[in-house]
Amino acid sequence: MDSDIKIRAENVNFYYSETHVLKDISLDIYANQVTAIIGPSGCGKSTFIRLLNRMNDLIPGARMQGEILLDGKDIYSPRTDVVELRRRVGMVFQKPNPFPKTVFENIAYGLIINGIRDRAFIRDRVKQSLKKAAIYEEVQNRLNENALMLSGGQQQRICIARCIAVEPEVILFDEPCASLDPISTRKIEELILELKKDYTIVIVTHNMQQAARVSDFTAFLYLGEVIEFGPTSKIFTVPEKKMTEQYLAGRFG
Amino acid sequence: MTKERFYKWIFTALAFSSLFFLLGIMITLLVQALPMFRQVGILRFIGGKYWYPTYSTPSFGILPLMLGSVVVTTGAACVCIPLGVGSALYIHELAGPIQRAILKPVIEILAGIPSIVYGFFGMVIMAPMVQRFFGIPTGLNAFTASLMLGVMATPTVCSIAEDALNVVPSSFKEASLALGANRWQTLVKVIIPAAGSGISTAIILGMSRAVGETMTVLMVAGGAACIPRSIFDPVRPMTATIAAEMGEAVMGSLHFHALFAIGLVLFVITFIFNIVAEIISRRFRLRLGLGR
């Protein structure tokens with residue numbers, strides 16, 4: 001079982017200047033599984049997921065303690081190449097954020113900054129990525145249009161394709177459907193289930209049904225602490241903690 | 001209720017007064033410039049190579065004056081674009097909170113220095129330095145004027161360019177970094193292109209300020225109304241010509257009308273600059289999906 005652990009968080013504490021946001025979090029994320037992180041707003045779930053690709057490095061005055069191991073190596077060790085880490089651990093954000101460039105340029109961006117110049121290769125990879133993100137059919141004739149002209153749901157799948165194009169090992173989804181309509185949401189959820197064959201997926205969501213539908217494992221966070229973590233089927237049917245049960249029943253949150 | 005309507009009326013009038021002033025100035029310029037165009041003709045006025053307004057057979061060609069403005073403005077652009085855009089990029093991307101807290105007010109103060117002080121400084125300090133450094137007969141020339149105007153226009157360029165950078169949503173930056181781009185790649189390939197038209201607007205408005213600036217060029221540019229052959233020649237830009245000659249031109253004379261005609265040309269040039277800047281910045285906001 002241990003070899004299947006892709007990411008392991010050990011006693012992670014995180015502070016925004018004086019505020020203690022994450023308290024002693026330990027969590028295992030298994031390879032080729034979908035791990036959902038749920039909890040009420042402000043519980044630290046986004047903060048946690050952003051630690052996994054070091055996006056929180058950008059926040060001045062933030063401080064982190066503990067270890068996060070990717071394939072057994074601490075990503076916060078001084079020897080870690082952050083650029084390399086972010087290539088391996090991709091991210092899809094809450095609000096679709098394609099660049100104000102064409103669809104093609106959006107997907108090709110990650111390849112070009114990695115120094116790939118072979119045009120045929122780039123064209124091929126763009127097409128593959130769009131197909132994997134289940135958006136190719138809709139945009140194949142619009143590759144040279146500004147990506148911001150697409151609908152929100154399409155933009156989000158463009159962002160997923162952009163992320164896939166650099167061939168990450170892990171994809172982090174930070175409330176990817178928060179700004180989407182139900183139909184687009186369903187498409188993204190189907191896509192996540194499809195993607196888990198090739199990638200390890202971590203998804204933050206405040207939508208409990210969504211967590212139940214897409215995830216294999218669920219972590220319930222409350223006020224910066226992991227209240228309960230385990231297989232989704234178990235958490236949603238026979239939770240161990242009273243608080244988890246209450247949250248899932250909608251008593252608070 | 002009537003009170004409310006009264007206030008509404010007052011503020012409407014105040015707000016529209018600028019339209020009234022604009023129209024008033026335009027009409028005055030046109031009316032006063034018209035005799036000039038009627039007597040000399042637009043082409044001979046704009047294309048004429050000789051500006052001898054006080055000769056017994058006067059010649060009113062403003063080509064040397066226009067070229068003077070062009071040389072000085074281009075020179076100023078060479079100074080204010082790298083300085084202004086460079087400082088905007090630094091403040092936006094690289095500066096820590098302390099550097100930012102120092103630089104932003106300093107640049108704003110730079111914008112508040114009266115132009116006569118720039119002129120004075122240019123005349124007394126810069127011109128002798130330029131003269132000695134290049135070993136030329138006079139330091140009062142297009143080069144020195146360009147330097148002074150460039151420094152003057154820098155705060156305009158910097159603050160508008162910085163606004164343009166601030167408007168770029170930080171989500172673009174995050175997306176780029178999350179794909180494994182470093183800060184430099186993110187800046188060059190995402191942030192600058194996204195802010196590109198905003199930065200162009202900044203440059204155009206900076207140049208429009210340089211074209212219209214009077215006091216500094218009057219004091220520093222050298223005042224020779226001939227077609228410049230090099231950047232080290234003294235020039236007499238359009239603004240300086242009006243300022244220098246309005247006092248001595250006989251009211252209602254052809255010379256008087258010629259100065260108004262120069263004013264009209266200047267007005268048209270800065271008007272075009274501003275319109276272009278407005279169009280570009282509107283397109284910029286649309287492209288970033290920010291609406292008008």
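How many residues does the contact take from chain A and how many from chain B? Before the answer, a caution: this is a predicted model. The count is 19 residues from chain A and 17 residues from chain B.

On the chain A side, three elements each supply at least two residues of the surface that touches chain B: helix H2 (82–88), strand E6 (89–92) and helix H3 (103–113). Sorted by class, that side of chain A has 10 nonpolar, 5 polar and 4 charged residues.

Next, chain B as a whole. Chain B contains 11 helices and 2 strands. Reading from the N terminus, the order is α-α-β-β-α-α-α-α-α-α-α-α-α. Its C-alpha atoms fill a box of roughly 75 × 70 × 35 Å along the principal axes. Of the 292 residues in chain B, 41% are buried. If we take the contacts in chain B with a separation of 6 or more, 72% of them are between residues 24 or more positions apart.

Back to chain A, and to helix pairs. Two packed helices are described by the angle between their axes and the distance between the axes. I have two pairs to show.

The axes of H3(A) and helix H4 (residues 119–132) of chain A come within 9 Å and cross at roughly 115 degrees. Angles from 65 to 115 count as roughly perpendicular, so H3(A) is roughly perpendicular to H4(A). The crossing is right-handed. From H3(A), the contact uses Phe104(A), Ile107(A), Ala108(A) and Leu111(A); from H4(A), it uses Ile122(A), Arg125(A), Val126(A), Ser129(A) and Leu130(A). By class, this contact has 7 nonpolar, 1 polar and 1 charged residues.

The second pair is helix H6 (residues 152–165) and helix H7 (residues 182–195), both of chain A. How do these two helices run relative to each other? Their axes come within 9 Å and cross at roughly 20 degrees. The cut-off for roughly parallel is an angle under 35 degrees, so H6(A) is roughly parallel to H7(A). H6(A) passes H7(A) in a right-handed crossing. On H6(A), the contact residues are Gly152(A), Gly153(A), Gln156(A), Arg157(A) and Ile160(A), and on H7(A) they are Ser184(A), Lys187(A), Ile188(A) and Leu191(A). These divide into 3 nonpolar, 4 polar and 2 charged.

That is the end of my part.

How values were computed
Residues are numbered from 1 along each chain as its sequence is written. Chains are lettered from A and ligands numbered from 1 in the order in which they are written. This is a predicted model: local features need pLDDT of at least 70, side-chain atom pairs count only at pLDDT 80 or more; totals for chains, interfaces and linings use all residues. Axes are lines fitted to C-alpha atoms, for helices over the stretch in contact, and angles run from 0 to 180 degrees between N-to-C directions. Helices (H or I, at least four residues) and strands (E, at least two) are DSSP runs, numbered from the N terminus. Angles under 35 degrees count as roughly parallel, over 145 as roughly antiparallel, 65 to 115 as roughly perpendicular and the rest as oblique. A crossing is left-handed if the near helix is turned anticlockwise from the far one by less than a right angle, and right-handed if clockwise. Two residues are in contact if their C-beta atoms, placed from the backbone, lie within 7 Å. Ala, Val, Leu, Ile, Met, Phe, Trp, Tyr, Cys and Pro count as nonpolar, Asp, Glu, Lys and Arg as charged, and the others, Gly among them, as polar. A residue is buried if 20 or more other C-beta atoms lie within 10 Å of its own, exposed if 12 or fewer, and partly exposed in between; C-beta atoms are placed from the backbone.
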